[in-house]
Amino acid sequence: MIDLAIIGGGPAGQAAAEQAAAAGLSVAVFDEQPRPGGQIARQPPAGFTVPDWLAGRAYAEVRAQLARFEGLGGVAWHGGTAVAGLAAGADGFRLTVVTPDGAERVAARRVLVAAGCYDLPVPLPGWTLPGVMSAGAAQAFVKSQRIVPGGRFVLAGTHPLMLVVAAQIVESGGVVAAVMFDQPLGRCVARALADPLTIVRHAGLFVDAAAARRVLARAGVPVRFGRPLAAVEGSEAVAAARFADGSIMACDRVALCYGFVPQADLPRQAGATVRWQAVAGGWATAHDAWMETDRPGLFVAGETTGVGGAAIALCEGRLAGIGIARSLGRLDDAAAAGLARATRRRHARLSGFARMLAAIADPAEVLARVPPADTILCRCEDVTHAEIDAVLATATAPNAVKLATRCGMGVCQGRMCEGALLRRIAAADGTAPGAAGGFTARFPARLVPIDLLCGLDDVSAEAVAD
Amino acid sequence: MRIAGTERGAPFTLFVDGEEMAAFAGETIATAMLADGRAAMRRDRSGAPRGLFCNMGTCSECLVTLRGDGGARRVRACLTPAAPGLRVETGPAA
Ligand code: FES
């Protein structure tokens, strides 16, 4: 049995591994990507040479952490490995890990879920056309696989990250037709100015956004505010973006950027308490000051605890690593508190900025709009809003709606539709989204070929639980 | 479009719906398809084409069928490395 299994090789997982290894723990890190980095520093494949990869100052801290992590001894890296199951046992946890070659169980005394986040899905007409992708998807192609994944992009959404992604596409030789913010500029400014001290403290990040805008201005890319995306048009693939004011913009790619929601499957599977995130929704896992959940021995860090960005993830990873060493008796309380002090202060400072960014990017108005009845809400099972609404007349429990419509039954395990469904339910019965819980989290959290699972000794336990 | 200035792995070819397609070692199936102008990766129940959405293993919109001698397997194109001679299909699941 290993001391610590970490799920997620991004900044939080790396920082935790560093602390845990320093305290003498045996550590294994699992990630679906082949190399460490997470989405923020998703590395090019090992055989690629990329001059000036993520050279910008905004990436300096995560790159430094990555370099330290890759130099660590005593940490086993398991890339290309999905964790499909997490269950608490008598003296630790049991993970079900899957590679293309097979599935196996891993036993660990402590587990850290640092699984990051994903782009908030916002159903709208045409969003299932090939060529519509999340802004994060487009950005990852540029960072890691080194392609511009389309000919002519429209970026649409509420999140300022759009500026960065658009600039990266342009600097890579791609074409961006426009960056279209849903909200008016005045609202962004007002929300930023509501907290001037935070602007001063994090001036560097505003400089980065300004640099991205300069890149776009030089390339002649319009950046517009108050331009909600109404639909994506095309028959077999994206042909144009249509906006609420009736204007139409020709393109072959639409990248959506409305914010981010935590990856929460594994903490939910293990029975940890989760809370619905206030702004963009999604389940944030609750934790104590050492990042431990209410499942003793299960820790969380980074976006899993609520979306806050890479700098916060680094802090939380450090705290979790120290906390785990402490919980295994490798550090006494005083030593742990001393190690954590500076990190706690930094975390508190960064939280103000995360809140401001969330307020600027707030997708509430977008999420309150009801798309046309034939818009697909559940992408895996092709369930439309109309089919959901028909069931909501008689049943509003998430699992009941799932059973009646198949919404959430598909291979994505509800990650793409749960938020939209919970918002429909909330609108129907006058509650807040997530108030009545969500889908029951199921095994497997990731797509697993069934023949791989058959090699496991007691897979029937999961099958029955399902 | 592959970004200029990046040195990639060794070139090879694979097949998508029977057509030959170029790729470089280290690329995912999704990368090779998008660089080749192929955005559709699967078909939904109505037969409409679907393409990659998240590019990080979360949504499963990029499910393609890999045809091998031992049968067919559905994989996420955004996570699965392209490999020489691979036979990829984007039609309805077999
Ligand atoms: S594009 Fe989402 S899983 Fe591949």
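1. The contact, meaning heavy atoms within 4.5 Å, takes 50 residues from chain A and 43 residues from chain B. This is a predicted model: local features need pLDDT of at least 70, side-chain atom pairs count only at pLDDT 80 or more, and totals for chains, interfaces and linings use all residues. Residues are numbered from 1 along each chain as its sequence is written, chains are lettered from A in the order in which they are written, and side-chain values use heavy atoms, with hydrogens and water left out.

2. About 3800 Å² is buried between chain B and chain A. Buried area is the accessible area (1.4 Å probe) that two parts lose on being put together, summed over both. Carbon and sulfur atoms give 52% of the area.

3. Six salt bridges are counted between chain B and chain A (a side-chain nitrogen of Lys or Arg within 4 Å of a carboxyl oxygen of Asp or Glu). One salt bridge joins A:Arg379 to B:Glu61, with the closest N and O atoms 2.7 Å apart.

4. On the side of chain B that touches chain A, helix H1 (29–35), strand E3 (40–43), strand E4 (49–51) and E6 each supply at least two residues. H1(B) gives the most, with four residues. Helices (H or I, at least four residues) and strands (E, at least two) are DSSP runs, numbered from the N terminus.

5. By class, this side of chain B has 18 nonpolar, twelve polar and 13 charged residues. Ala, Val, Leu, Ile, Met, Phe, Trp, Tyr, Cys and Pro count as nonpolar, Asp, Glu, Lys and Arg as charged, and the others, Gly among them, as polar.
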